[in-house]
Amino acid sequence: MAGSQDMFDAIVMADERFHGEGYREGYEEGSSLGVTEGRQHGRLHGAKIGSEIGCYQGFAFAWKCLLHSCTTEKDSRKMKVLESLIGMIQKFPYDDPTYDKLHEDLDKIRGKFKQVRTLCSSCW
């Protein structure tokens, strides 16, 4: 009778055992895929942010060169705003994805860029 009881317990407990094994296998596979997808997502969005910042920096350097020879008071104000934008870009933490104020700083750079673009668009 004890042998049949063990066999009966094995049958009854099979569902629980298979559920536990399936859960562990699924968790391990999901964790692995999650890391891979997270890296791909991070690379994509990091590249987008880097490209955006690079565009702003190129714009600022080009205008700085154009305004460098000008000495009017209006142009010196533009130059100060450009220097501010360049400083913000240089302080941006490119290599620290865990920086907690990354999006706040990016929004500030975007706002400063809009200000520079508005000031410089009146030149031409």
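How many nonpolar, polar and charged residues does the lining of the largest pocket have? By class, this lining has 7 nonpolar, 5 polar and 3 charged residues. Here Ala, Val, Leu, Ile, Met, Phe, Trp, Tyr, Cys and Pro count as nonpolar, Asp, Glu, Lys and Arg as charged, and the others, Gly among them, as polar.

The model is predicted, so local features need pLDDT of at least 70 and side-chain atom pairs count only at pLDDT 80 or more, while totals for chains, interfaces and linings use all residues. Residues are numbered from 1 along each chain as its sequence is written, and side-chain values use heavy atoms, with hydrogens and water left out.

**The pocket**

A pocket is an open set of points on a 1 Å grid over the protein atoms alone, where a 1.4 Å probe fits, with protein on both sides within 12 Å along at least five of seven lines; lining residues have an atom within 4 Å of a point. The largest pocket holds about 310 Å³ of space. Among its 15 lining residues, Gly46, Ile49, Tyr94, Pro97 and Leu102 lie nearest the centre. H1 gives the largest share of the lining, 5 residues.

**The core**

A nonpolar core is a set of buried Ala, Val, Leu, Ile, Met, Phe, Trp, Tyr and Cys residues joined through side-chain atoms within 4.5 Å. The largest one has 20 residues, of which Ile53, Leu82, Leu85, Phe92 and Ile109 touch the most other members. Helices H1 (2–67), H2 (73–91) and H3 each give two or more residues to this core, and H3 gives the most, with 7 residues. Helices are DSSP runs (H or I, at least four residues), numbered from the N terminus.

Leu82 touches Ala60, Trp63, Lys64, Leu67 and Val116, not counting residues up to four places away in sequence. Contact means heavy atoms within 4.5 Å.

**Two residues**

Phe113 is found in helix H3 (residues 102–121), and Gln57 in helix H1. Is each buried or exposed? Phe113 counts as buried because its relative accessible area is 10%, whereas Gln57, at 24%, is partly exposed. Buried means under 20% relative accessible area, exposed over 50%, partly exposed in between (1.4 Å probe, protein chains only). Beyond four places in sequence, Phe113 is in contact with Tyr56, Phe59 and Leu85.

| Pair | Apart in sequence | Apart in space, C-alpha to C-alpha |
|---|---|---|
| Phe113 and Ser84 | 29 residues | 9.8 Å |
| Gln57 and Asp107 | 50 residues | 15 Å |

Note on methods: Points joined across faces, edges and corners; volume = space filled by probe spheres on them.
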